[in-house]
Amino acid sequence: MRVIWLVPPTHKGKYPNIGQYRFYKNMPVRASIEFPYLNAMGVTQLDRAGHDVTFYDCPTMNLAWEDVNEDLQSADLIIMEARTPIVKYIYQCSDTLRERGTKTALYGDHVSVYPEEALPHCDYVISGGDYDYGAMKLAAALQARQNPQRLFRCGLVQDLDSLPHVDRDLVPNELYFEAWKIREHYLYTMSGRGCWYNCTFCCWNRPLWECRVRQRSQKDVVSEFWEAHAKYGDCYIWDDHDCFDTVWGLKFAWHLLKTGNTHKEILWAFQTHSNMIHDLEAMKLMKKAGLHLIKLGIESGNQKTLDMIRKGTTVQQHEKAIRILKEADITVHANLMVGFPWETKADAYHTIEWIKKLDPNQAQFSLAIPYPWTELYDYAKEHNLLLVKPGDWESFDATHPMMRMEGMTSEEVVKLYKDCWRMFYLGWRYKLKHLRTVKNWADLKQLIRGYYSVRFGHMKAIEKAD
(Lines give C-alpha, C1' and ligand atoms only; values in the text may rest on other atoms or scores of the structure.)
Protein backbone atom coordinates (compact mmCIF):
# COMPACT_ATOMS: atom_id res chain seq x y z
CA MET A 1 0.00 0.00 0.00
CA ARG A 2 1.32 3.46 -0.92
CA VAL A 3 1.19 5.74 2.14
CA ILE A 4 2.42 9.32 2.46
CA TRP A 5 2.81 10.98 5.87
CA LEU A 6 2.46 14.65 5.00
CA VAL A 7 3.20 17.95 6.68
CA PRO A 8 1.81 20.33 4.03
CA PRO A 9 3.69 23.40 2.80
CA THR A 10 3.24 26.28 5.21
CA HIS A 11 0.44 28.65 4.28
CA LYS A 12 1.64 31.72 6.16
CA GLY A 13 5.23 32.04 5.03
CA LYS A 14 6.49 31.09 8.48
CA TYR A 15 7.89 27.99 10.13
CA PRO A 16 5.80 25.78 12.40
CA ASN A 17 7.28 25.30 15.85
CA ILE A 18 6.11 22.90 18.54
CA GLY A 19 7.28 23.84 22.02
CA GLN A 20 7.64 21.76 25.16
CA TYR A 21 4.09 22.75 26.11
CA ARG A 22 2.91 21.23 22.79
CA PHE A 23 1.76 24.71 21.77
CA TYR A 24 1.89 25.38 18.02
CA LYS A 25 3.53 28.65 17.03
CA ASN A 26 4.40 30.10 13.62
CA MET A 27 7.99 31.31 13.86
CA PRO A 28 9.56 33.93 11.55
CA VAL A 29 12.88 32.02 11.47
CA ARG A 30 14.03 28.46 11.97
CA ALA A 31 15.15 28.89 15.55
CA SER A 32 14.66 25.21 16.37
CA ILE A 33 12.96 22.43 14.44
CA GLU A 34 11.74 19.67 16.71
CA PHE A 35 12.09 16.14 15.40
CA PRO A 36 8.53 14.74 14.92
CA TYR A 37 9.20 11.64 16.98
CA LEU A 38 5.71 10.11 17.01
CA ASN A 39 5.33 10.80 13.29
CA ALA A 40 8.66 9.08 12.71
CA MET A 41 7.46 6.16 14.82
CA GLY A 42 4.38 5.91 12.62
CA VAL A 43 6.42 6.00 9.42
CA THR A 44 8.76 3.34 10.83
CA GLN A 45 5.89 1.03 11.78
CA LEU A 46 4.27 1.43 8.38
CA ASP A 47 7.58 0.57 6.71
CA ARG A 48 8.13 -2.47 8.95
CA ALA A 49 4.62 -3.67 8.07
CA GLY A 50 5.61 -3.71 4.40
CA HIS A 51 3.95 -0.54 3.15
CA ASP A 52 5.57 1.81 0.65
CA VAL A 53 5.73 4.89 2.88
CA THR A 54 7.24 8.35 2.38
CA PHE A 55 7.49 11.20 4.87
CA TYR A 56 7.22 14.76 3.55
CA ASP A 57 7.79 17.57 6.05
CA CYS A 58 7.34 20.28 3.45
CA PRO A 59 8.19 23.36 5.57
CA THR A 60 11.37 21.75 6.89
CA MET A 61 12.37 20.21 3.55
CA ASN A 62 11.63 23.45 1.64
CA LEU A 63 9.07 21.69 -0.53
CA ALA A 64 6.20 23.46 -2.28
CA TRP A 65 3.01 21.80 -3.51
CA GLU A 66 4.42 21.44 -7.02
CA ASP A 67 7.33 19.43 -5.59
CA VAL A 68 5.09 16.76 -4.07
CA ASN A 69 1.89 16.85 -6.14
CA GLU A 70 2.85 14.04 -8.50
CA ASP A 71 3.80 11.75 -5.63
CA LEU A 72 0.65 12.62 -3.69
CA GLN A 73 -1.47 11.50 -6.65
CA SER A 74 0.09 8.04 -6.44
CA ALA A 75 -0.84 7.54 -2.77
CA ASP A 76 -3.52 5.20 -1.50
CA LEU A 77 -3.58 6.97 1.87
CA ILE A 78 -2.29 10.37 3.02
CA ILE A 79 -1.89 11.00 6.75
CA MET A 80 -1.76 14.51 8.25
CA GLU A 81 -1.70 16.06 11.72
CA ALA A 82 -4.51 18.51 12.51
CA ARG A 83 -3.50 20.82 15.35
CA THR A 84 -5.89 23.56 16.41
CA PRO A 85 -4.13 26.63 14.87
CA ILE A 86 -3.82 24.98 11.44
CA VAL A 87 -6.82 22.67 11.49
CA LYS A 88 -8.84 24.69 8.95
CA TYR A 89 -5.90 24.71 6.57
CA ILE A 90 -5.49 20.96 7.01
CA TYR A 91 -9.20 20.51 6.26
CA GLN A 92 -8.70 22.47 3.02
CA CYS A 93 -5.71 20.32 2.08
CA SER A 94 -7.64 17.15 2.86
CA ASP A 95 -10.66 18.31 0.85
CA THR A 96 -8.46 18.97 -2.19
CA LEU A 97 -6.71 15.61 -1.94
CA ARG A 98 -10.02 13.74 -1.59
CA GLU A 99 -11.36 15.47 -4.69
CA ARG A 100 -8.56 13.71 -6.57
CA GLY A 101 -9.76 10.37 -5.21
CA THR A 102 -7.14 9.88 -2.48
CA LYS A 103 -8.11 8.67 0.98
CA THR A 104 -6.97 10.89 3.86
CA ALA A 105 -6.59 10.28 7.59
CA LEU A 106 -6.20 13.02 10.18
CA TYR A 107 -4.80 12.69 13.69
CA GLY A 108 -3.86 14.95 16.59
CA ASP A 109 -5.22 16.63 19.68
CA HIS A 110 -7.87 18.76 17.94
CA VAL A 111 -9.52 16.03 15.87
CA SER A 112 -9.37 13.60 18.79
CA VAL A 113 -11.55 16.04 20.73
CA TYR A 114 -13.69 17.21 17.79
CA PRO A 115 -13.95 14.23 15.42
CA GLU A 116 -17.45 15.25 14.28
CA GLU A 117 -15.94 18.51 12.97
CA ALA A 118 -13.16 16.69 11.12
CA LEU A 119 -14.98 13.74 9.52
CA PRO A 120 -16.69 15.78 6.74
CA HIS A 121 -13.20 16.74 5.58
CA CYS A 122 -11.43 13.35 5.68
CA ASP A 123 -12.00 9.65 5.32
CA TYR A 124 -10.68 8.71 8.76
CA VAL A 125 -9.82 10.26 12.08
CA ILE A 126 -7.13 8.38 13.99
CA SER A 127 -8.16 9.12 17.56
CA GLY A 128 -5.87 9.22 20.58
CA GLY A 129 -2.21 9.63 21.41
CA ASP A 130 -0.71 6.48 19.92
CA TYR A 131 -1.55 7.63 16.41
CA ASP A 132 1.73 6.16 15.22
CA TYR A 133 0.44 2.68 16.03
CA GLY A 134 -3.07 3.67 14.92
CA ALA A 135 -1.84 4.67 11.46
CA MET A 136 -0.21 1.29 11.00
CA LYS A 137 -3.38 -0.54 12.12
CA LEU A 138 -5.57 1.57 9.83
CA ALA A 139 -3.32 0.88 6.82
CA ALA A 140 -3.40 -2.84 7.64
CA ALA A 141 -7.21 -2.83 7.75
CA LEU A 142 -7.44 -0.99 4.43
CA GLN A 143 -4.93 -3.28 2.76
CA ALA A 144 -6.95 -6.30 3.95
CA ARG A 145 -10.02 -4.68 2.33
CA GLN A 146 -11.80 -4.48 5.65
CA ASN A 147 -14.24 -1.68 6.41
CA PRO A 148 -12.67 0.21 9.34
CA GLN A 149 -14.71 2.70 11.33
CA ARG A 150 -14.15 6.25 10.10
CA LEU A 151 -13.50 7.30 13.70
CA PHE A 152 -10.63 4.87 14.10
CA ARG A 153 -9.82 4.16 17.75
CA CYS A 154 -6.97 1.73 18.33
CA GLY A 155 -6.37 2.31 22.04
CA LEU A 156 -3.07 2.86 23.81
CA VAL A 157 -0.17 0.44 23.41
CA GLN A 158 0.54 -1.14 26.79
CA ASP A 159 4.00 -2.51 26.01
CA LEU A 160 6.02 0.31 24.45
CA ASP A 161 9.03 -2.01 24.15
CA SER A 162 7.06 -3.91 21.51
CA LEU A 163 7.34 -0.94 19.15
CA PRO A 164 10.37 -0.62 16.85
CA HIS A 165 13.04 2.04 17.28
CA VAL A 166 12.71 5.01 14.96
CA ASP A 167 14.28 4.66 11.51
CA ARG A 168 16.14 7.96 11.20
CA ASP A 169 16.71 7.48 7.50
CA LEU A 170 12.99 7.38 6.74
CA VAL A 171 12.62 10.67 8.64
CA PRO A 172 16.03 12.32 8.17
CA ASN A 173 17.38 13.28 11.57
CA GLU A 174 19.79 15.90 10.22
CA LEU A 175 16.90 18.21 9.25
CA TYR A 176 15.97 18.82 12.89
CA PHE A 177 17.83 20.56 15.69
CA GLU A 178 17.69 22.50 18.94
CA ALA A 179 19.06 26.04 18.93
CA TRP A 180 21.17 25.41 22.03
CA LYS A 181 22.56 22.05 20.88
CA ILE A 182 26.17 21.42 21.87
CA ARG A 183 26.89 18.49 19.54
CA GLU A 184 26.47 18.22 15.81
CA HIS A 185 24.31 15.10 16.02
CA TYR A 186 21.20 15.99 18.02
CA LEU A 187 18.57 13.26 18.27
CA TYR A 188 15.17 12.78 19.89
CA THR A 189 13.53 9.88 21.67
CA MET A 190 10.62 9.25 24.03
CA SER A 191 11.28 6.99 27.02
CA GLY A 192 7.60 7.14 27.94
CA ARG A 193 4.26 8.62 27.02
CA GLY A 194 1.91 10.58 29.25
CA CYS A 195 2.15 12.63 32.43
CA TRP A 196 1.34 12.10 36.11
CA TYR A 197 -0.04 15.62 36.41
CA ASN A 198 -3.12 17.29 34.98
CA CYS A 199 -2.28 20.97 34.58
CA THR A 200 -5.26 23.08 33.55
CA PHE A 201 -3.52 24.39 30.40
CA CYS A 202 -2.31 21.01 29.10
CA CYS A 203 -3.63 20.21 25.64
CA TRP A 204 -2.24 16.66 25.37
CA ASN A 205 -2.56 14.64 28.55
CA ARG A 206 -6.32 14.17 28.62
CA PRO A 207 -7.25 13.90 24.92
CA LEU A 208 -4.20 11.92 23.84
CA TRP A 209 -2.74 10.07 26.83
CA GLU A 210 -5.95 9.61 28.86
CA CYS A 211 -4.03 10.94 31.91
CA ARG A 212 -2.00 7.72 31.99
CA VAL A 213 1.74 7.11 31.96
CA ARG A 214 3.49 4.26 30.16
CA GLN A 215 7.25 3.83 30.19
CA ARG A 216 9.68 1.84 28.13
CA SER A 217 12.18 -0.37 29.92
CA GLN A 218 15.58 1.11 30.71
CA LYS A 219 17.16 -1.69 28.68
CA ASP A 220 15.17 -0.78 25.56
CA VAL A 221 16.05 2.92 25.74
CA VAL A 222 19.73 2.18 26.42
CA SER A 223 19.69 -0.07 23.35
CA GLU A 224 18.28 2.78 21.25
CA PHE A 225 20.96 5.14 22.59
CA TRP A 226 23.77 2.81 21.52
CA GLU A 227 22.15 2.22 18.13
CA ALA A 228 22.23 5.99 17.64
CA HIS A 229 25.86 6.13 18.72
CA ALA A 230 26.79 3.34 16.29
CA LYS A 231 25.17 5.33 13.46
CA TYR A 232 26.23 8.90 14.34
CA GLY A 233 29.16 8.65 16.74
CA ASP A 234 29.22 10.94 19.75
CA CYS A 235 25.76 12.47 19.97
CA TYR A 236 23.22 14.30 22.11
CA ILE A 237 19.78 12.79 22.74
CA TRP A 238 16.73 14.72 23.92
CA ASP A 239 14.08 12.61 25.69
CA ASP A 240 10.70 14.13 24.81
CA HIS A 241 8.72 12.21 27.45
CA ASP A 242 6.18 14.71 28.82
CA CYS A 243 7.35 14.27 32.41
CA PHE A 244 10.51 12.24 32.97
CA ASP A 245 10.52 10.02 36.06
CA THR A 246 13.86 10.44 37.85
CA VAL A 247 13.40 7.17 39.77
CA TRP A 248 13.21 5.40 36.40
CA GLY A 249 16.07 7.65 35.28
CA LEU A 250 18.40 6.61 38.08
CA LYS A 251 18.18 2.97 37.00
CA PHE A 252 18.56 4.08 33.39
CA ALA A 253 21.76 5.94 34.30
CA TRP A 254 23.19 2.78 35.91
CA HIS A 255 22.44 0.79 32.76
CA LEU A 256 24.03 3.43 30.57
CA LEU A 257 27.20 3.46 32.67
CA LYS A 258 27.39 -0.34 32.77
CA THR A 259 27.17 -0.50 28.98
CA GLY A 260 30.08 1.90 28.50
CA ASN A 261 29.03 5.56 28.56
CA THR A 262 31.87 6.35 30.96
CA HIS A 263 33.36 9.10 28.79
CA LYS A 264 29.98 10.64 27.93
CA GLU A 265 30.02 9.47 24.35
CA ILE A 266 26.29 10.08 24.61
CA LEU A 267 24.94 13.21 26.29
CA TRP A 268 21.25 13.30 27.10
CA ALA A 269 18.55 15.60 28.44
CA PHE A 270 14.91 15.53 29.47
CA GLN A 271 12.00 17.60 30.80
CA THR A 272 10.25 17.10 34.13
CA HIS A 273 8.53 18.71 37.12
CA SER A 274 10.55 20.31 39.87
CA ASN A 275 9.29 17.91 42.52
CA MET A 276 11.00 15.10 40.62
CA ILE A 277 14.31 16.75 41.57
CA HIS A 278 14.97 16.10 45.25
CA ASP A 279 18.07 13.90 45.54
CA LEU A 280 21.47 15.51 44.88
CA GLU A 281 23.35 12.20 44.77
CA ALA A 282 20.92 10.81 42.19
CA MET A 283 21.48 13.87 40.01
CA LYS A 284 25.26 13.51 40.35
CA LEU A 285 25.04 9.90 39.20
CA MET A 286 22.94 10.88 36.20
CA LYS A 287 25.47 13.60 35.42
CA LYS A 288 28.22 10.97 35.51
CA ALA A 289 26.17 8.89 33.06
CA GLY A 290 26.03 11.74 30.55
CA LEU A 291 23.00 13.76 31.67
CA HIS A 292 23.66 17.30 30.48
CA LEU A 293 20.44 19.32 30.76
CA ILE A 294 17.02 19.27 32.41
CA LYS A 295 14.09 21.42 31.36
CA LEU A 296 11.88 22.22 34.34
CA GLY A 297 8.20 23.03 33.88
CA ILE A 298 8.14 25.93 36.33
CA GLU A 299 5.47 28.18 34.74
CA SER A 300 5.36 30.87 37.46
CA GLY A 301 7.04 32.28 40.54
CA ASN A 302 3.65 33.02 42.10
CA GLN A 303 2.16 30.35 44.33
CA LYS A 304 -1.40 31.47 43.55
CA THR A 305 -0.79 30.78 39.87
CA LEU A 306 0.79 27.38 40.56
CA ASP A 307 -2.31 26.47 42.58
CA MET A 308 -4.71 27.87 39.97
CA ILE A 309 -3.15 25.83 37.16
CA ARG A 310 -2.97 22.76 39.44
CA LYS A 311 0.75 22.40 38.86
CA GLY A 312 1.30 20.27 41.94
CA THR A 313 4.46 22.14 42.90
CA THR A 314 5.45 25.00 45.17
CA VAL A 315 7.72 27.98 44.65
CA GLN A 316 10.06 26.45 47.24
CA GLN A 317 10.24 23.17 45.29
CA HIS A 318 11.24 25.08 42.17
CA GLU A 319 13.96 26.90 44.07
CA LYS A 320 15.25 23.67 45.62
CA ALA A 321 15.27 21.86 42.25
CA ILE A 322 17.34 24.59 40.60
CA ARG A 323 19.81 24.63 43.53
CA ILE A 324 20.25 20.84 43.35
CA LEU A 325 20.80 20.84 39.59
CA LYS A 326 23.32 23.66 39.75
CA GLU A 327 25.21 21.89 42.51
CA ALA A 328 25.23 18.71 40.40
CA ASP A 329 26.58 20.80 37.49
CA ILE A 330 23.59 19.99 35.27
CA THR A 331 22.43 22.68 32.87
CA VAL A 332 19.08 24.11 34.00
CA HIS A 333 16.47 25.26 31.49
CA ALA A 334 13.40 26.89 33.04
CA ASN A 335 10.10 26.89 31.14
CA LEU A 336 7.78 29.71 32.19
CA MET A 337 4.47 31.15 31.04
CA VAL A 338 3.01 34.64 30.98
CA GLY A 339 -0.50 35.89 30.30
CA PHE A 340 -2.48 34.15 33.04
CA PRO A 341 -5.69 36.18 33.37
CA TRP A 342 -5.71 36.41 37.17
CA GLU A 343 -2.17 37.80 37.36
CA THR A 344 -1.46 41.52 37.68
CA LYS A 345 1.45 43.30 36.08
CA ALA A 346 3.27 43.11 39.42
CA ASP A 347 2.67 39.34 39.59
CA ALA A 348 4.02 38.82 36.10
CA TYR A 349 7.14 40.92 36.55
CA HIS A 350 7.75 39.24 39.92
CA THR A 351 8.18 35.92 38.05
CA ILE A 352 10.89 37.26 35.76
CA GLU A 353 12.76 38.95 38.62
CA TRP A 354 12.45 35.76 40.66
CA ILE A 355 13.80 33.51 37.90
CA LYS A 356 16.68 35.91 37.22
CA LYS A 357 17.75 35.61 40.87
CA LEU A 358 17.63 31.82 40.68
CA ASP A 359 19.89 32.15 37.62
CA PRO A 360 19.16 29.03 35.54
CA ASN A 361 21.37 28.59 32.50
CA GLN A 362 18.47 29.05 30.09
CA ALA A 363 14.83 30.10 30.20
CA GLN A 364 11.94 29.97 27.80
CA PHE A 365 8.80 32.08 28.00
CA SER A 366 5.47 31.21 26.41
CA LEU A 367 2.11 32.92 26.30
CA ALA A 368 -0.58 30.96 28.12
CA ILE A 369 -2.83 29.45 25.46
CA PRO A 370 -6.32 28.27 26.48
CA TYR A 371 -6.84 25.35 24.11
CA PRO A 372 -10.58 24.80 23.70
CA TRP A 373 -10.84 21.51 25.63
CA THR A 374 -8.73 22.56 28.62
CA GLU A 375 -9.84 23.75 32.04
CA LEU A 376 -7.98 27.01 31.43
CA TYR A 377 -10.26 27.62 28.45
CA ASP A 378 -13.34 26.87 30.54
CA TYR A 379 -12.13 29.30 33.20
CA ALA A 380 -11.48 32.06 30.68
CA LYS A 381 -14.83 31.52 28.99
CA GLU A 382 -16.74 31.46 32.28
CA HIS A 383 -15.14 34.73 33.41
CA ASN A 384 -15.46 36.43 30.00
CA LEU A 385 -11.68 36.68 29.60
CA LEU A 386 -11.25 35.30 26.08
CA LEU A 387 -9.95 37.71 23.46
CA VAL A 388 -10.75 35.30 20.61
CA LYS A 389 -13.98 33.79 19.41
CA PRO A 390 -14.60 30.08 20.06
CA GLY A 391 -14.19 28.33 16.73
CA ASP A 392 -11.70 30.86 15.39
CA TRP A 393 -9.08 28.14 15.55
CA GLU A 394 -6.32 29.98 13.70
CA SER A 395 -6.13 32.43 16.61
CA PHE A 396 -4.89 29.68 18.95
CA ASP A 397 -1.34 29.94 17.61
CA ALA A 398 0.67 31.26 20.60
CA THR A 399 1.62 34.46 18.76
CA HIS A 400 -0.64 36.96 20.55
CA PRO A 401 -2.47 37.32 23.88
CA MET A 402 -5.67 35.30 24.02
CA MET A 403 -6.91 36.22 27.48
CA ARG A 404 -7.35 39.47 29.35
CA MET A 405 -4.90 39.95 32.19
CA GLU A 406 -5.92 41.78 35.32
CA GLY A 407 -5.32 45.50 34.81
CA MET A 408 -3.30 45.03 31.59
CA THR A 409 -4.07 45.76 27.96
CA SER A 410 -3.11 43.30 25.22
CA GLU A 411 -0.32 45.67 24.15
CA GLU A 412 1.06 45.59 27.70
CA VAL A 413 0.95 41.77 27.68
CA VAL A 414 2.98 41.73 24.45
CA LYS A 415 5.48 44.09 26.08
CA LEU A 416 5.56 41.84 29.16
CA TYR A 417 6.33 38.81 26.98
CA LYS A 418 9.20 40.59 25.22
CA ASP A 419 10.46 42.04 28.49
CA CYS A 420 10.79 38.54 29.89
CA TRP A 421 13.13 37.50 27.07
CA ARG A 422 14.93 40.84 27.12
CA MET A 423 15.45 40.97 30.89
CA PHE A 424 16.72 37.40 31.05
CA TYR A 425 18.90 37.13 27.95
CA LEU A 426 19.86 40.57 26.71
CA GLY A 427 21.41 42.09 29.82
CA TRP A 428 25.20 42.44 29.99
CA ARG A 429 25.42 40.22 33.06
CA TYR A 430 23.98 37.24 31.19
CA LYS A 431 26.00 37.93 28.04
CA LEU A 432 29.30 38.18 29.92
CA LYS A 433 28.59 35.06 31.94
CA HIS A 434 28.03 33.01 28.80
CA LEU A 435 30.88 34.55 26.85
CA ARG A 436 33.19 33.31 29.61
CA THR A 437 32.05 29.74 28.86
CA VAL A 438 33.22 29.95 25.23
CA LYS A 439 36.25 27.71 24.82
CA ASN A 440 36.14 26.87 21.13
CA TRP A 441 34.35 27.53 17.86
CA ALA A 442 31.57 25.04 18.70
CA ASP A 443 30.78 26.92 21.91
CA LEU A 444 30.61 30.20 20.04
CA LYS A 445 28.31 28.74 17.37
CA GLN A 446 25.99 27.47 20.10
CA LEU A 447 25.85 30.92 21.68
CA ILE A 448 25.13 32.56 18.31
CA ARG A 449 22.36 30.05 17.53
CA GLY A 450 20.81 30.62 20.94
CA TYR A 451 20.89 34.40 20.59
CA TYR A 452 19.46 34.17 17.07
CA SER A 453 16.65 31.95 18.38
CA VAL A 454 15.75 34.43 21.12
CA ARG A 455 16.15 37.73 19.28
CA PHE A 456 14.83 36.87 15.82
CA GLY A 457 12.65 33.85 16.66
CA HIS A 458 10.72 34.02 19.91
CA MET A 459 10.76 37.79 20.34
CA LYS A 460 9.77 38.44 16.71
CA ALA A 461 7.04 35.79 16.70
CA ILE A 462 4.83 38.10 18.75
CA GLU A 463 4.99 41.53 17.14
CA LYS A 464 1.68 43.01 18.16
CA ALA A 465 -1.57 42.34 19.95
CA ASP A 466 -4.60 41.35 17.90
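How many bridges join E9 to strand E12? Select strand E9 (186–189) and strand E12 (residues 235–239): four bridges join E9 to E12, and the two run parallel. Tyr188 has Trp238 in E12 as its bridge partner. Strands here, like helices, are DSSP runs numbered from the N terminus (helices are H or I with at least four residues, strands are E with at least two). Two strands pair if DSSP finds at least two bridges between them.

Before going on, note that this is a predicted model, in which local features need pLDDT of at least 70 and side-chain atom pairs count only at pLDDT 80 or more, while totals for chains, interfaces and linings use all residues. Residues are numbered from 1 along each chain as its sequence is written, and side-chain values use heavy atoms, with hydrogens and water left out.

**The sheet**

Next, select E9, E12, E13, E14, E15 and E16, which form an open sheet of six strands in that order, with parallel pairing. Strand E9 and strand E16 (362–367) stand at the edges with a single partner strand each, so one side of each has no neighbour in the sheet. From one strand to the next, the twist averages 20° (axes are lines fitted to C-alpha atoms, for helices over the stretch in contact; angles run from 0 to 180 degrees between N-to-C directions).

**Salt bridges**

Side chains of opposite charge can pair when their charged atoms come close. A salt bridge is a side-chain nitrogen of Lys or Arg within 4 Å of a carboxyl oxygen of Asp or Glu. The whole structure has 23 of them.

Select Arg214 and Asp130, whose closest N and O atoms are 2.6 Å apart in a salt bridge. This pair links distant parts of the chain, 84 residues apart: Arg214 is in strand E11 (residues 214–215), and Asp130 is in the loop between strand E7 (124–127) and helix H7 (131–143). Both Arg214 and Asp130 are buried (under 20% relative accessible area; exposed is over 50%, partly exposed in between; 1.4 Å probe, protein chains only).

Move to Glu299 and Lys311, which form a salt bridge at 2.5 Å, N to O. Glu299 lies in strand E14 (residues 291–299) and Lys311 in the loop between helix H11 (303–308) and helix H12 (315–327), so the pair ties together parts 12 residues apart in sequence. Glu299 and Lys311 are both buried.

Finish at helix H15 (residues 410–425), where Asp419 and Lys415 lie four residues apart, about one turn of the helix. Their side chains meet in a salt bridge of 2.8 Å, N to O. Asp419 counts as buried because its relative accessibility is 9%.
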